[in-house]
Amino acid sequence: MNDRAGRRRARRMAIGTAVVLALAGMNGPWLYRFGSEKYHQYKIDKQEYKAENGRWEIVDFPEKYRQNTIHAALLHTGKVLLVAGSGNDQDNFDAKQYDTRIWDPVKGTVKKVPTPTDLFCTGHTQLANGNLLIAGGTKRYEKLKGDVTKAGGLMVVHNENPDEPITLPAGTRFTGKENGKTFVSKDPVLVPRAKKNFDKETGEFLGNTPGYGRTYVEAQKEGAKHQTGTQDNYTVQGLSGEDARNTYGIAEKLALDKKDFQGIDDAFEFDPVAEKYIKVDPMKEARWYPTLTTLSDGKILSVSGLDDIGQLVPGKNEIYDPETKKWTYTDKVRQFPTYPALFLMQNDKIFYSGANAGYGPDDVGRDPGIWDVETNKFTKVPGMSDADMLETANTVLLPPAQDEKYMVIGGGGVGESPKASEKTRIVDLKADSPRFEDGPSMDKGTRYPQASILPDDNVLISGGSEDYRGRGDSDILEARIYDTAKNELRRVADPLVGRNYHAGSILLPDGRLMFFGSDPLYGDKANTKPGEFEQRIEIYTPPYLYGENPQPELAGGPQTIEHGESGTFTSKDAASIKKVRLIRPSASTHVTDIDQRSVALDFETDGDKLTVTVPESRNVVQAGWYMLFAVTADGTPSKAQWVQVP
């Protein structure tokens, strides 16, 4: 280097140093943050850190494929179904823009799928044939009190004719006999014929019990003067003769009050191979926020939800038969809040953890317990701490499923309450007298915690917020692994994205986890800016995939294994396998994942052969497709092999 070049270089360095020093004087905290962020990135990229804490990364979706994902389900093709419907977006709803995507986490491809109706806030569960049953969704968005311009509400239509039902079309007008005000129906309504009543002993005719139907009505004109204050009987316009005498309406107050979401009765099976929705028989009841739970015979129990009027379905539960594609009511009525956490038990009964999504009375159907669907007997399970904070809680059947232990994680107060619980509660349903006991606590009260079962029998608990829908910038950027053997929570790497309402998580076949959604009410700490839906997908790679040993190999083997039967797979690592788990693929929404369960399999090894046996019980292993993981002594799982248990 010559002297002139050396002087120029020295001058540039001096100028650069002066600029840096000047910046440091003016904006030292920024430089400190910049340095801290660089160091943090360096630290979390280190192999030792990842082997202890895992790693988070954001999936780069092309902008044209992004959507407000509300529901996600892992398909037996290894792809993930991402369902938005209208995505909690009134503009999408009004434009009938309903979205679904299929994401291939191996190839990184995304595909748009035609969506037949608004599946926003639907229910779903895996079927024995590998299809996903999807039932319910949105008929109308809610309207807050200040946004309601026409008085309206529920009209109960009565039919006193014992010989014929009557159908009233949408647009039917009802006029009050006392108030003289006219209201118009929004939908057609079928009103069954009246029931004739006779004395059982004498056969004497005792009179008729009217048939009745329900429809939502609105005033013909806008304004408060068209409200009604009390119950009234209503004549049905356009009827004559016997129909006019036999048919009438009764309504309570019809006002400008807040109008809740309304549900639909549509049902579909999503075919993972054809990658399309197939319409099946509609439910008996319209439902928005329902829970679908698979029973031991492969039929599906549908419970709760808001109906086509926007009211909680009054305990009318129904069952879907995948063979006939038809729905039938259960014999007896039992009411739960929306999205109740209902799980099939080994004794064929249903466990209700008390966790739910919130809509419904605060004093009906809130207690945890065991429900015998056939007899309708409900036995409460005591000991739940923070029992008034079970809305937005998560419930996990702890692995292995045979132990029948459940964990209820976090939760919040009823409605928009700011209360949140830091508790985890555990119940052993195999105990002589099951009772909830507190497990390890989280650092903060947590609504909407995501929880996913891992193949090593632990559970990842992540995200959530301290307040309703992340209010007050309260998202919790923390994650923990629950060690089921030690009954301990261990802090691991922090997620990059906040997740609250409309968020969930899915275990992938390679042992990683994907996280989706989040729908904050506000976008700032002061609660002055509207929130934005979180469209980014995030992947968490657990510590077991960063260990010294690679994932054990698992190949070959049958695609189908009957209950009580065995199947043999090939693995050069067979001698190192210490446990085998059969994990049902998730179908997640609103921190509710009824399908999630991990079943321990008996197994034998012989050279490079691994022979596994599926339990006989259909209550432990519901019919369907499963991920089969082989796990080494240090907890490292293989990539999953897909197995169908018919």
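How do the residues of the lining of the largest cavity divide into nonpolar, polar and charged? In this predicted model, the lining of the largest cavity divides into four nonpolar, three polar and four charged residues, where Ala, Val, Leu, Ile, Met, Phe, Trp, Tyr, Cys and Pro count as nonpolar, Asp, Glu, Lys and Arg as charged, and the others, Gly among them, as polar. Residues are numbered from 1 along each chain as its sequence is written. The model being predicted, local features need pLDDT of at least 70 and side-chain atom pairs count only at pLDDT 80 or more, whereas totals for chains, interfaces and linings use all residues, and side-chain values use heavy atoms, with hydrogens and water left out.

Cavities and pockets were located on a 1 Å grid over the protein atoms alone, a cavity being a set of points where a 1.4 Å probe fits but cannot get out, and a pocket an open set with protein on both sides within 12 Å along at least five of seven lines; lining residues have an atom within 4 Å of a point. Six cavities of 30 Å³ or more were counted by this rule, with volume taken as the space filled by probe spheres set on the points, which are joined across faces, edges and corners.

The largest cavity has a volume of about 100 Å³, and its lining consists of Met 442, Asp 443, Lys 444, Thr 446, Ile 461, Ser 462, Gly 463, Ile 476, Glu 478, Ala 479 and Arg 480. At least two of the lining residues come from each of β35 (459-462) and β36 (479-483), strands being DSSP runs (E, at least two residues) numbered from the N terminus.

For the second largest cavity, the volume is about 80 Å³. Its lining includes Gly 123, His 124, Pro 290, Thr 291, Leu 292 and Tyr 339, together with Ala 587, Thr 589, Thr 592, Asp 593 and Ile 594; two or more of the lining residues are given by each of β6 (123-126) and β22 (291-294). By class, this lining holds five nonpolar, five polar and one charged.

How values were computed
Helix = DSSP H or I, 4+ residues; strand = E, 2+ residues; numbered from the N terminus.
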